[in-house]
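Work through the exercises below with the sequence and the coordinates open beside you, and try each task before reading its solution.

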Amino acid sequence: MEKKVDVTSKAVTEVLARTIEYLQPNPASRAKLTMLNTVSKIRGQVKNPGYPQSEGLLGECMIRHGKELGGESNFGDALLDAGESMKRLAEVKDSLDIEVKQNFIDPLQNLCDKDLKEIQHHLKKLEGRRLDFDYKKKRQGKIPDEELRQAMEKFEESKEVAETSMHNLLETDEAARDGGQKEGSSSALAGPLQIEQVSQLSALVDAQLDYHRQAVQILDELADKLKRRMREASSRPKREYKPKPREPLDLGEPEQSNGGFPCATAPKITASSSFRSSDKPTRTPSSRSMRAGDSLDLPPPPAPLDQPSCKALYDFEPENDGELGFHEGDIITLTNQIDENWYEGMLHGQSGFFPLSYVEVLVPLPQ
């Protein structure tokens with residue numbers, strides 16, 4: 001039973017981490033999803049998970065440029081239609097994240113924090129009493145028999161409590177739960193846990209089905225609108241471009257070559273008025289008077305290479321909260337590796353996340 005409980009604990013822990021990563025690949029958004037309060041959702045206080053969806057960002061971009069193109073542009077109208085659909089998809093994605101957090105992530109997290117932790121507590125207590133019983137058993141004859149008997153009873157009691165808690169976790173039959181808990185068990189497990197876990201997995205699949213059904217409906221409506229716009233555009237007569245007739249150009253007098261306007265006489269350039277290097281002062285610190293206390297505005301020194309750091313290969317503009325922006329050539333101090341694709345680092349006193357593909361690691365993080 002201990003081996004089965006250990007495998008169950010590892011499975012629940014990794015599935016939780018992968019589910020959150022599946023919902024939100026962005027590390028900053030994952031952190032906000034983890035902090036989402038389910039109780040607030042039940043009370044109707046949570047309208048969205050608190051971070052932008054990529055569909056919503058795309059929709060806002062399309063709507064902004066669609067408005068700039070104006071109503072006379074068929075492409076602009078199509079962008080408006082697509083942008084509204086993308087924003088609707090973002091709302092559906094918000095609902096998916098919240099539903100999965102409430103009905104799948106939180107129950108499994110509760111299983112890790114309470115039931116599995118309680119089993120580990122009983123097993124640790126059992127191990128301590130086993131060692132105590134073995135020690136007193138070896139000293140049999142040197143200690144009172146009553147003390148040995150009490151140690152054995154405590155060991156048997158802890159053994160039964162630990163076995164019962166593990167059995168309740170692994171058992172699928174409701175009848176296995178009719179027996180009472182021994183003294184030392186903090187709470188009874190409510191209902192067959194394996195059935196509950198399958199029910200929670202079913203809730204995850206139901207939330208995904210609902211999301212994809214709504215997404216298909218939204219995209220079908222958008223596809224119909226775009227096809228209708230294509231038919232309307234193809235049925236419209238093409239307007240021919242007619243350039244405006246050119247006005248006759250009056251060149252004016254022969255000696256004037258700027259459209260009839262008199263031009264000013266250009267000054268003659270002589271050798272004495274030619275440019276010299278001494279006529280243009282060079283911009284150096286010595287070209288202006290330096291007073292005591294004056295300081296030059298110099299860029300901050302790069303991060304020392306005796307600590308984990310990397311060099312930016314390209315410019316990176318942050319699109320979400322928590323991301324760190326930088327320019328090509330910046331030296332960034334590495335503080336943590338989120339996963340195989342994202343780092344966390346500091347630049348100019350600011351900390352944030354950034355993708356590994358944008359940098360070259362100079363000094364790797366310690367393993």
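## Exercise 1: the nonpolar cores

Task: In this predicted model, find how many residues the largest nonpolar core has and which residues have the most contacts inside it.

Solution: The largest nonpolar core has 37 residues, and Val5, Val100 and Ile105 are those with the most contacts inside it. As a next step, assign the core to elements: α1, α5, α6 (145-170) and α7 (193-235) each supply at least two of its residues. Of these contributions, the one from α5 is the most, with 17 residues. Then take Val5 as an example and list its partners, leaving aside residues up to four places away in sequence; Val5 then touches Leu116, Ile119, Met166, Leu169 and Leu170. Finally, look beyond this core, where a second, separate core of 12 residues includes Cys310, Leu324, Leu334 and Phe354.

## Exercise 2: α1 against α5

Task: Describe how helix α1 and helix α5 pack, giving the angle and how far apart their axes are.

Solution: Two packed helices are described by the angle between their axes and the distance between those axes. Helix α1 covers residues 2-23 and helix α5 covers residues 74-138; they pack at an angle of about 155°, and their axes are 10 Å apart. Because angles over 145 degrees count as roughly antiparallel, α1 is roughly antiparallel to α5. The handedness comes next, and the crossing of α1 and α5 is left-handed. Sorted by class, the contact of α1 with α5 has 16 nonpolar, 4 polar and 3 charged residues.

## Exercise 3: α5 against α6

Solution: The crossing in which α5 passes α6 is left-handed. The residues of the contact of α5 with α6 divide into 14 nonpolar, 3 polar and 10 charged.

## Exercise 4: the whole chain

Task: State how many helices and strands the protein chain has, and what pattern they follow along the sequence.

Solution: Counting the elements gives 7 helices and 5 strands, and reading along the sequence gives the pattern α-α-α-α-α-α-α-β-β-β-β-β. Turning to burial, 31% of the 367 residues in the protein chain are buried.

Key: Residues are numbered from 1 along each chain as its sequence is written. This is a predicted model: local features need pLDDT of at least 70, side-chain atom pairs count only at pLDDT 80 or more; totals for chains, interfaces and linings use all residues. Side-chain values use heavy atoms; hydrogens and water are left out. Axes are lines fitted to C-alpha atoms, for helices over the stretch in contact, and angles run from 0 to 180 degrees between N-to-C directions. Helices (H or I, at least four residues) and strands (E, at least two) are DSSP runs, numbered from the N terminus. Angles under 35 degrees count as roughly parallel, over 145 as roughly antiparallel, 65 to 115 as roughly perpendicular and the rest as oblique. A crossing is left-handed if the near helix is turned anticlockwise from the far one by less than a right angle, and right-handed if clockwise. Ala, Val, Leu, Ile, Met, Phe, Trp, Tyr, Cys and Pro count as nonpolar, Asp, Glu, Lys and Arg as charged, and the others, Gly among them, as polar. A nonpolar core is a set of buried Ala, Val, Leu, Ile, Met, Phe, Trp, Tyr and Cys residues joined through side-chain atoms within 4.5 Å. Buried means under 20% relative accessible area, exposed over 50%, partly exposed in between (1.4 Å probe, protein chains only). Contact means heavy atoms within 4.5 Å.
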